[in-house]
Amino acid sequence: MNPNPFGQVLVALVTPMGADGEVDWDDVERLIDDVVTHGADGIVVSGTTGETSTLTDPEKIKLVEVAKAVAGDRAKVIQGGGSNETAHAMDLYRQAEQAGADGVMIVTPYYNKPTQAGILTHFRMIADATDLPVILYDIPGRAGIPIRYETLLRAAKHPNILAVKDAKGDFAEVSRVLNQTDLLYFSGDDANVLPHLAIGASGLIGVTANIAPRPYRTMIDAVNEGDLATAQAQHKALEPLVRATMTHVPGTVATKYILHGLGRIGSPRVRLPLVGPEDTEAALIEDEIALVRGVDGLDLSRFRPDRNAAAGGALPKVHGTTR
């Protein structure tokens, strides 16, 4: 297996924004410091959870710079997102490397639905464009296509492609790839972190870890030490929080809603076409939160959700990807 240059508890960071939809850089700094202080050793900026689709390239690069400044040597900083245009993705990741990123995460090209040969070419050309270690992001629910087993075997031969973030949930395939390559695996499904770890995954890239990184640190440490009982206890304690975060609305929306309710970010606002939870959705999130017990480092007595602040979505002053 490859050495792990990414960390084990990686937070798929939300991008805090003000009510006008502009990035709140002070909140970005506070959130990064908070999650790193409480156990994260990796930060993925401008990924799916970070609203990569509606961030500009300058914002994505500034997120790397800010994360590096705040995290220092406490955590690795990974540039997420990418593009479904190969040339654009190559350029973005070159900029990320210059900005100090420790690695990049390449999502399967979405919307254009290339063949597996096209996917492999996309990955290889981006991996050739930077000296940084690469995580491939397999998320067919968003990309529309999976990275097939045979494609993973071929991609694993590239010296820069070291890992996969798996949001596909085919555990038999994960085991098969782990048996036949040196690829590291990271769980990309918050509900299945422990099952992924149990079959040999190296860590997680999690959304719920924005809210509660410490129990994931405990879970990872327990698995590393062969302490299944402690890992199971963390899994059980996290289950209703994961359900609150990942079930009723997009994870970005629910995470910002919960973080704002806890007073950890100044606004729960997301950029259109994402919108805040409607009343029925907010009620479901709040009902799940009421079931959370014993999550280390999470004080829900301070939870004061604000449905009005979360309503709707924002149009930023500068829109679209700029190169």
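This is a predicted model: local features need pLDDT of at least 70, side-chain atom pairs count only at pLDDT 80 or more; totals for chains, interfaces and linings use all residues.
Tutor: Local features here require pLDDT of at least 70, and side-chain atom pairs count only at pLDDT 80 or more, whereas totals for chains, interfaces and linings use all residues. Residues are numbered from 1 along each chain as its sequence is written, and side-chain values use heavy atoms, with hydrogens and water left out.

Student: Why is Glu51 called buried?

Tutor: Buried means under 20% relative accessible area, exposed over 50%, and partly exposed in between (1.4 Å probe, protein chains only). Glu51 has a relative accessible area of 3%, so Glu51 is buried.

Student: What makes the pairing of the Glu51 and Lys256 side chains a polar contact?

Tutor: The term denotes a pair of N or O atoms within 3.5 Å; within protein, one must be able to donate a hydrogen and the other to accept it, and residues adjacent in sequence count only if both atoms are side-chain atoms. The side chains of Glu51 and Lys256 are joined at 2.6 Å, and the pair therefore qualifies.

Student: Why are helix 2 and helix 3 called roughly parallel?

Tutor: Axes are lines fitted to C-alpha atoms, for helices over the stretch in contact, and angles run from 0 to 180 degrees between N-to-C directions. Angles under 35 degrees count as roughly parallel, over 145 as roughly antiparallel, 65 to 115 as roughly perpendicular and the rest as oblique. Helix 2 and helix 3 pack at about 30 degrees, and are therefore roughly parallel to each other. Their axes lie 9 Å apart.

Student: At what angle do the axes of helix 10 and helix 11 cross?

Tutor: The axes of helix 10 (residues 228-246) and helix 11 (residues 251-261) cross at roughly 115 degrees and come within 7 Å.

Technical notes: Helices (H or I, at least four residues) and strands (E, at least two) are DSSP runs, numbered from the N terminus.
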